[in-house]
Each structure stands twice: as structure tokens, then as C-alpha cells.
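Got your viewer open and your selection tool ready? Let's take a short walk together, one stop after another.

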Amino acid sequence: MSEYPTTRRDDLVEDHFGHPVADPYRWLENAEAPETLEWVARQQAFTESALAALPERGWFSEVMGRVMARPRAGLPHERGGRFLLARNDGSQAQDVWYVADSLDELVVGGRVILDPNRWSADGTDSLAFASLSDDGRRLAYGVSHGGSDWRAIRVLDLESGGEPIAEPDVIAKFSDAEWLPDGASYLYLTYDQATHARGTDTDELGPARLMLHRVGEASDELVVAFDDDERLMPWAEVSADGRWVIVMVGRGTERRNRVWAYPLTTAQGRSVLGECVRVVDEAVAEFEFIRTVGSIALLRTDLDAPRGRVVAIDLEAPEAGVSEVVPESADTLMSVAASGDELLLVDLADAQGRLRRASLSGIGLGDVELPVGAIVALDASPRRPEAYVGVSTLDAPLQAFEVASGRVRPLELAGSVERIAPPYTVERRVAESKDGTPVPYFLVRAASVPGPDPEVAEPALDDGPVLTATAEPEPHAPDQPAPEASPGPRPTLLYGYGGFKIPLQPDYRPGWSAWLAAGGVLALANLRGGGEFGTQWYEDGRLAHKQKVFDDAIAVAEHLVETGVSSPAHLAVHGRSNGGLLAGALLTQRPDLFAAALPSVGVLDLLRFHRFTIGSAWVSDYGDPDTKEGFEAAYTYSPLHNVDPGIAYPATLVSTADHDDRVVPLHSFKFAAALQHSQASEAPVLLRVDSSAGHGAGKSTAMVAAEWADLLAFAAHHTHLIVPPEG
């Protein structure tokens, strides 16, 4: 590898509870400083030169171009008899949004109401959300510049055909517009920085503020803020009957929250919030609002039910406590939606989705028969019996279905989708973590790729999650056969997340099709800290237990080697965001186990993550490094602080984006600099930085294709994956 771009190292050392900690790249935290910008430009040129030399890049670029050129559509959204849908014919940088007065009209087309491709010359302005008022007369939508989490809320008058309502932008963050019953006002979340919001800012956000905006009025009303505790965050939903605003209050991303309710009345045509009723005022469990029936609220909760259940509580007499509606089952209850007079419950059975129905009193009405796949979207309302469900598979984007009283109707909203991946099999396998915990994972490979050695025994499950083995070929015909493969270790991409109670399912990501088409093997690991197996699974992978997440992933990697699926010379690890932390921790803790590592938009400096934008919210998972206990836990696994000179690290492609104001790019800058300084082998350490892009949402079609092509080409090259001669 040629010499890396020069990076200045300072002598900064700080004392953390008696531990001297060096931070030589602190200056890279100033992302807009001329020296940082010049350093990033040199890194980008170096990285582009290295990636351009990869013989696999052309093949993956061509295949990813075909993947992203496939037509796709989102899920219908209906309010007040109007239907909204996002579509992309495959050639558009951003999805185009259509409106129609009936579902049938939407299926055959509808009319364009929002086209973000007209908002910026480079296609980097995107739609953050679109929200219909309950009467269907108005549409609020959020504009994100360059992928930032900040969004400018604007309103269209649909009665006039979509004319914009003239008023200044309302600046929100982490928030849609939650319409009130009058159809002329909405709730949103913002921060004091809204007056000068930019995607490249890294300052701490301060307290969140739940605001009420009345369309056409200059000043907004404060509903709730917590100036004395900046980690408290409120979010609001309006009941379908228009009688209540339900506000959940959580501390950062912790999966426990309070429940407050504001009665709604109408005065002179305006929705008015009454006095707050503190329904649940101690955050002892997770609560998710479903619907109201009069003054009775139905909630999904893990209170006394780690796998989840549905309970009822009287908003007018909350002191009576909760009563059970749908009891806990062996599966994990991920979400519940109200559809007419029924409940639709999304379960994870061994990290695989299923949909079932229940009455409002909790009587089971049976499963909904959907195609095999991950349930990734659900739009339902107590106002209508029809619900819309989105299902995806590893190689196919969302397919929409209409569900009504258990009947299922597929909706052809995007046309036929070309299959890029060859026929493949999905197997359920189990590794054993360091402490003996069974860790399940999905093993995915093209049908032509030999399977693992069946003679190797699987670890016993004991009292761990109940697993089901599957190995079913997908029913589609190959677009192109994967290359013939001989038995033996195969190039394998290990992907995981393991945090924030977010489950990892075998669902669609654009790169999976190309990796499988190239003959690569994919391993999707269900790690502790995620939400696949309920609250205890989550609790066992956070705070002082965070190392167990990395132990779980290491166990899966070792299992792939032990069973002959892969080898350290053929194994790569990839993750995004919290998964980027996973990839960074694995490559620093077990550099001998991987040939390549792909930490993307990762949290990599665990001593300073809480000092930038929304980072303090993640104390719920990572602990507070300003406390002795939090520091000592984070310091042991923080990727940045566990890079040691003289170690032969795997080939590493660190990726980020200049407008990522969630996991700010300084994490990736400092980590890449530390690895380049310490690398003791010829394996490259590269930094890839997208311009005018954020944490992931809102990227243009071309940017998504280019990023995946570079990641996969880099992984293929360093795991010795020989791509087919033609794309």
C-alpha cells in the first residue's frame, strides 16, 4: 500500500478518572475548519485511487446500477379518502409522490403531488416525510437538505390541486407533522438550534421542544419541554377519534417511557389541548400507543411481559392501573396497529415476521397469510377496515398488500421487479457466545454455493430463544447463475447491529442481491442488544453488558470458520451506525478473524459521542462516559481507543457522509486516522466520505448504488471473491 496522506497528531492527553487518554486527532472534530476540509479532500483522493484500482469495482458498479434501476413503490397511506404513495421508476434520483382519490386510481397511477427531483440540481434534497391531515384536505411534508435530520415543514392545499400555503418554513428534527383534528394545526418536535439549522453542525442540540403550529400563524405554541433534563424527549400521537393527544416521554433512546394524555376540544374551529393527564408518570416499561375506545387507551407494553403484550388503561381514571387485553406469547410482539374494529399484531417468531388479528377485547382472530418475508411497513387506522402491509425479502424491495378482515390482496404498485440474485437458500444456524448464550443467525447463499458441513454439531439451545431451521430456495428463476463454487471456505459477509432494541430481520438491502449474484455468502447475526427476543435480550446487550454484543458477533464469526462456511482469509464484517460500532469493535478486538471490515457511519469514539448533536440520547445504550462507571465500560471497547500501533489490522473501508448530523463524521475521521497511523500490514485503511449526504435516508439512487458498489468491491477483493466474468 502506498503511503497514506499525512495526518497531524497533537499531544493532547486528558485525565479520565485517573486514566490518561490521548486524543491526537481532536482537531478533526471541527468538520468545517479549512485544515479538516483539506485533509478530507486528500483522503478522498487517496481512497478513490485505491478503489478505482479494484478489478471487482466495475462488476459491482454495473450490477448495483441494475439493482437500483428496478422500479419500486412504497406503501399506500390514506386519510380522509385521499391516498398517498411514493414511486420510483428506477431512473429517478429521489422517489416521486403521487396522490389519488381512490386506491384503484393510485394503483394505475394517480397524479404527481411532490417531486423532490426538482428541488436541487444534484438530487440531494429529499423528502423526509409526507403527512395527510385527517380530512385529506392538506398535506404537510418535510424537506431535508443533503440528508440532514433537520427538515423544513411545508404545507400544500390539496383542495386547490396542491397549491403551496404561503408561510415560513417550520424547522423540525426527528419529527413528522402530527395533524390535529381541525386540519389546520399540527404538532412537531424541534430544538433551539432550529433558527440556524445546518446539516454540518455538530453542537449538542439541547432540550427537545414539542410545539404546536397553526397554519398561517407566525408564532408557535410550546406544548412541553424539559429544560432541566435535556435527555428527555417527547413525541406525540393524536387518537383517531380526535379526542386525545397522547404524548410519550422517554429519556434519549431508552426503551422505557412515560405516558401523558391531553384531552382535545374544538373552540371556534380550532383544536385546543386541555390539561395534561399523567397516565403513567414513571418510566418503568416501554409503552406504545395503539388507539382509544372512548377514554380507554390500548397500549403495547413490556410491563411484566418481556416479549410484549397489549394492555388497556382508562385515561380519565389512570389510578386504576392497566388491564390485560392480549397476553404475552412465546413470540416477540414488535408492533400493534388498529384496523377498523380489529388489532393487527406484528410478531417476530425467531426473528421472522408474522401478522395476526385480534378483536379489541383481545380475542384471537387468526393469522394473516402473507408471503414469506419481513414485515417492514404497516399503515392502518380505526377509521377503516383496510390496512396496508409491506413485505420485503433479501433481494426484493417492498411489496404492498391490502389486508381486510384477514383477506389479503396484493397491490401491483411498481410493476414487475427484475430478479438480480440467483436462487438462494436461507438457513437458521446457532453459535455459542463466550458466556454460553446461543446466538442465532441467518446463513444465506446462492443455491449453487456448497453448504456448511452438516456433521458439525450445533450448540444446545438450553433456555435460549426457540429456533426453527429453514432452508428453502427462493422460487424465482436466476437472472444469472452464480459462479461455480468448489467446497471449502467461501467469501462471507457478516452483518449485524445489536443495539437499541432494534431487530435484525432477513429483509431487503440493495447490496444483498449483488453479493449473492457474485457468489458470496451472507450471515445476518441476531445479537443481544437488539429486539428480536424481547426486553431481556435487549437489556443483556447494553450499558455494562455491551461487550456481550461483540462477543456474540465474534462467536458467529468463529462458528462460520468452525463449520467450514468461511475462514479468516475469506471473512468480512459490515455494519451501519450502531452496527458501525460493531464492525469497529470486532476489527480492533479480533483483527486475526477478518480479512476486511466495513464500519459505516459508525459510533467509534465512545468517550465523546455524547457531546455532539443528538449523541447524548445514546447514553441509554452506551452509558455516560462522564461517570467513572460509564467511562470504564466504554473505554474497554471504544474502537478509537483500542487501536494499537504494530497490529496487523484487516483491510478496512471506513465510510461516512459530510451532512451526517446524527452520527457526526468526526467519529469516522478520527478512527480512520488512528488506523492508518497504527496499521502494521499492507492491508489498506481507506476513508470514504459522501458529499451532501447524511446518515442514510434521502440518498439519491446513484449515491446508494455507488456506495454499495464500493463496499462490496472492497469486501470481495479482500476476501478473494471471484466475480463472474460479465455483470
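A salt bridge here is a side-chain nitrogen of Lys or Arg within 4 Å of a carboxyl oxygen of Asp or Glu. By that definition, the structure holds 69 salt bridges. Keep in mind as you click around that this is a predicted model.

**Stop 1: a covered strand**

Start by selecting residues 96-100, which make up strand β6. Five of its five residues are buried, so the strand counts as mostly covered. Now show the side chains. Val96, Tyr98 and Ala100 point one way from β6, while Trp97 and Val99 point the other way.

**Stop 2**

To find your bearings, look for Leu85, which stands opposite Tyr98 in β6.

Which residue of β7 does Trp97 stand opposite? Select Leu114 and you have found it.

**Stop 3**

Time for some charged residues. Side chains of opposite charge can pair when their charged atoms come close. Select Asp201 and Arg198: they form a salt bridge, with their closest N and O atoms 3.0 Å apart.

**Stop 3: a link along the chain**

Move on to Glu286 and Arg300, whose side chains meet in a salt bridge at 3.2 Å, N to O. This pair links distant parts of the chain, 14 residues apart. Glu286 sits in the loop between β21 (277-280) and β22 (287-293), and Arg300 belongs to strand β23, residues 296-301. Glu286 counts as buried because its relative accessibility is 8%, under the 20% cut-off. Arg300 is buried as well, with a relative accessible area of 7%.

**Stop 4: a charged network**

For the last stop, select Asp690 and Arg688. They form a salt bridge with the closest N and O atoms 3.2 Å apart, and both residues are buried. Then widen the selection to Glu48, Arg57, Arg576, Lys699, Glu707 and Asp710: salt bridges that share partners join these residues with Arg688 and Asp690 into one network.

Methods. Residues are numbered from 1 along each chain as its sequence is written. This is a predicted model: local features need pLDDT of at least 70, side-chain atom pairs count only at pLDDT 80 or more; totals for chains, interfaces and linings use all residues. Side-chain values use heavy atoms; hydrogens and water are left out. Buried means under 20% relative accessible area, exposed over 50%, partly exposed in between (1.4 Å probe, protein chains only). Helices (H or I, at least four residues) and strands (E, at least two) are DSSP runs, numbered from the N terminus. Two strands pair if DSSP finds at least two bridges between them.
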